[in-house]
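Visitor: I would like to learn how to read a model like this one. Where should we start?
Guide: With the core, then the sheet, then the helices and loops.

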Number of protein chains: 2
Amino acid sequence: MAERYEIRFSGAGGQGLITAGIILAEAASIIEGRHAVQSQSYGPEARGGASKSEVIIGEDPIDYPKATIVDACLAMTQEAADKYAVGIKPGGLLLVDTDFVKNPPKGDYTIYDIPIMRTAKLEVGREIVANVIALGAMIALTDVVKRESGLQAVLAKVPEAFIELNKKAYNLGFEKVKELMAG
Amino acid sequence: MAERYEIRFSGAGGQGLITAGIILAEAASIIEGRHAVQSQSYGPEARGGASKSEVIIGEDPIDYPKATIVDACLAMTQEAADKYAVGIKPGGLLLVDTDFVKNPPKGDYTIYDIPIMRTAKLEVGREIVANVIALGAMIALTDVVKRESGLQAVLAKVPEAFIELNKKAYNLGFEKVKELMAG
């Protein structure tokens, strides 16, 4: 893994993308003892739909006064993809929701698509866990933290009653990536 | 108000300081149409107790590749105060919890103390809203967003059933500052 790895989660407001970013940062730092910075910047356009959150993970303290170079980007909506895929580094990756991003912007990166919202709705029964499915898929694709660390960080964030639901969602993220790679 | 204003919320993990930061950033951006960046950096020390979150608010896009200069810092615990008051700019302010920060670190800034946790426990009946009391007090002290914007942003984040509780907590933050100033 590179010395510094940056992941961007983008989509619509209310989709839990800040939470996904915080969980990933905590997996890297609190659980794996590495360094992480998690951030979101808001402009007046935050009033509209697109929203993003970013995580930088490194072995050393992150000197985040630095230009952003996105290794991997999630886009849950077409608007977010159009707006935030820009900035993915050559050789990076873009993960999109199959149903909501019909025209993923092309670039010098690999595009993966998973029906994230549909999986949340049909296989978990709760759209609210789409962010955890996406997080699982992102970790499966990037290996930026260990699978187990991500799961621990997810479970540390959710109330007792939602443990099983979130575990299922996280694992589905991994399964969908496996299917994608097999297909 | 300065062109760029930075607030740091620090305390122990689980005290809702990230949420306080996000709410403030949303008040400035989504509600007031300004720019904001909200971030947290985690090192391996995140495994221990102290935790912080930061918000930068400005009229223009925030070029946050820049050194941090903290205008105002909240510290809910002694450990957080010792660790994070460093960096408050000359003439800035440090707000501490009266009961948990017995020795606020001295510096070229004004120190205010409010019994934040005690107020949450005794006047609201829920320690969980301490972060919202602290947010109210911070906005009262700094005027970085309008009182009404902060309230709107708080209420946008909480489930229906907790609206009254959070409104009360937010308003208590303002009242405690008023008492402090009168005293």
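**Reading the model**

Guide: This is a predicted model. Its largest nonpolar core has 122 residues, and A:Ala75, B:Ala75 and B:Ala134 touch the most other members.

Visitor: Which residues is A:Ala75 in contact with, leaving aside its neighbours within four places in sequence?
Guide: Contacts across the sequence show what packs together. For A:Ala75 they are A:Ser10, A:Gly11, A:Ala80, A:Ala81, A:Tyr84, A:Ala85, A:Leu94, A:Val96 and A:Val101.

Visitor: How confident is the predictor?
Guide: Where pLDDT is low, the predicted coordinates should not be read in detail. Chain A averages a pLDDT of 92, and 95% of its residues score at least 70. For the complex, the predictor gives an ipTM of 0.85 and a pTM of 0.90.

Visitor: What is the strand order in the open sheet of 12 strands?
Guide: The order is 6(A)-5(A)-4(A)-1(A)-3(A)-2(A)-2(B)-3(B)-1(B)-4(B)-5(B)-6(B), and the pairing is mixed. The edges are strand 6 (109-114) of chain A and strand 6 (109-114) of chain B, each pairing on one side only. On average, neighbouring strands of this sheet are turned by 15° against each other, direction ignored.

Visitor: How many residues of strand 3 of chain B are buried?
Guide: Eight of the nine residues in strand 3 (residues 50-58) of chain B, which is mostly covered.

Visitor: Now the helices. What does helix 4 of chain B lie across?
Guide: Look for the strands under the helix, then the angle. Helix 4 (residues 130-142) of chain B lies across strand 1 (4-12), strand 4, strand 5 and strand 6 of chain B. The helix runs at about 150° to strand 4 of chain B.

Visitor: How many Å does helix 1 of chain A reach?
Guide: Compare span with expectation. Helix 1 (residues 17-31) of chain A has 15 residues and reaches 20 Å from first C-alpha to last, close to the expected 21 Å. Of those 15 residues, 13 are buried, so helix 1 of chain A is largely enclosed by the rest of the structure.

Visitor: What sits on either side of that helix?
Guide: A:Gly16 lies in the loop between strand 1 (4-12) and helix 1 of chain A. A:Gly16 is buried, with 22 other C-beta atoms within 10 Å. A:Gly16 and A:Val129 are 113 residues apart in sequence, yet 8.4 Å apart in space, C-alpha to C-alpha. Just after helix 1 of chain A comes A:Gly33, with a positive phi of about 75°.

Visitor: Is A:Asp143 buried or exposed?
Guide: Count the surrounding atoms. A:Asp143 is exposed, with 11 other C-beta atoms within 10 Å. In chain B, phi of B:Asp143 is near 60°.

Terms used: Residues numbered from 1 in each chain as written. Chains lettered and ligands numbered in written order. Predicted model: local features only at pLDDT ≥ 70, side-chain atom pairs only at ≥ 80, totals over all residues. pLDDT = per-residue confidence, 0-100. Core = buried A, V, L, I, M, F, W, Y, C linked by C-beta atoms within 7 Å. Buried ≥ 20, exposed ≤ 12 C-beta atoms within 10 Å, placed from the backbone. Contact = placed C-beta atoms within 7 Å. Pairing = 2+ DSSP bridges. Helix = DSSP H or I, 4+ residues; strand = E, 2+ residues; numbered from the N terminus. Axes fitted to C-alpha atoms, helices over the stretch in contact; angles between N-to-C directions. Expected span 1.5 Å × (residues − 1).
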